Amino acid sequence: MKTLIIYKSVHRKNTEKLAKVMAEVMNADVAKVEDVRPEVLEGYDLIGFGSGIYASKLHNKLFKFIRKMPATDKKVFIFCTSGSGEFKKKQLITEKLELKGCTIVAEFNCSGEFSPLGFNLDKKGHPDENDLKRARQFAQGLVDLQQ
Ligand SMILES: Cc1cc2nc3c(=O)[nH]c(=O)nc-3n(C[C@H](O)[C@H](O)[C@H](O)COP(=O)(O)O)c2cc1C
């Protein structure tokens, strides 16, 4: 199974940490969204899309990338980190991916530390070791699913 993980991580590199541990487990290629040309997706069996949550949404660059993607029946998974620890408006991206013809096979989310200024203190240090362990297990689950 050839996997590509595409991400945007702008605030504290929280989502980048998830992308990297998932890529390690899956032996996947991993790239920032601005470094990926939509045409390369053809060479992969499974694509991951992830970012932090900003103003309730995944990063706009992911949506722009999906708009440029050719129609494709690829399997995809989505992941995020967020201050709330939730992924409330995930249908915004799942709808766009499904309209392209993709099948969403899994999703993952965890808390991501928000601000060094004293807000969101209960999320300090996230993603932490336990979050990363869950991310590795999630990635292993995807590997097992494809075998
Ligand atoms: C400008 C901005 C807006 C944010 N908006 C939200 C939000 O609406 N809901 C939420 O739960 N977290 C929000 N967060 C927190 C981020 O989702 C969280 O810190 C995330 O882990 C950042 O990921 P990154 O380090 O990969 O960019 C926001 C953070 C920033 C910087």
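**Group meeting: strands, rings and cores**

Let's start with strand β1. It pairs with strand β2 (residues 29-32) through 4 bridges, and the two run parallel. Two strands count as paired if DSSP finds at least two bridges between them. Strands here are DSSP runs of E, at least two residues; helices are runs of H or I, at least four residues; both are numbered from the N terminus. One example from this pairing: Y7 stands opposite K32 in β2. Between β1 and β2 the chain passes through helix α1 (residues 14-26), and this β-α-β crossover is right-handed. That term means that, with the strands pointing away from the viewer, the path from the first strand over the helix to the second runs clockwise.

A word on the source. This is a predicted model: local features need pLDDT of at least 70, side-chain atom pairs count only at pLDDT 80 or more, and totals for chains, interfaces and linings use all residues. Residues are numbered from 1 along each chain as its sequence is written, and side-chain values use heavy atoms, leaving out hydrogens and water.

Back to β1. It also joins strand β3 (residues 46-54), by 6 bridges, again running parallel. There, L4 has I47 as its bridge partner. Is β1 buried or exposed? Of its 6 residues, 6 are buried. Buried means under 20% relative accessible area, with a 1.4 Å probe and protein chains only. T3, I5 and Y7 cover one side; L4, I6 and K8 the other.

Now the rings. The whole structure holds 4 aromatic pairs. Rings of Phe, Tyr and Trp (its six-membered ring) pair if their centres lie within 6.5 Å; planes under 30 degrees apart are stacked, over 60 edge-to-face, the rest tilted. Take F49 and F65: centres 6.2 Å apart, planes at 55°, so this pair is tilted. F49 sits in β3 and F65 in helix α2 (residues 60-68), 16 residues apart. Both are buried. Elsewhere, ring pairs join F77, F79, F108 and F138 into a cluster.

Last, the cores. A nonpolar core is a set of buried Ala, Val, Leu, Ile, Met, Phe, Trp, Tyr and Cys residues joined through side-chain atoms within 4.5 Å. Which members of the largest core touch the most others? Among its 22 residues, they are I6, F49, F65, M69, I93 and L97. β1, β3, α2, β5 (75-82) and α3 (91-99) each supply at least two residues. The largest share, 4 residues, comes from α2. A second, separate core has 21 residues, including V21, F79, A106 and A139.

How values were computed: Buried < 20%, exposed > 50% of the residue type's maximum accessible area, 1.4 Å probe, protein only.
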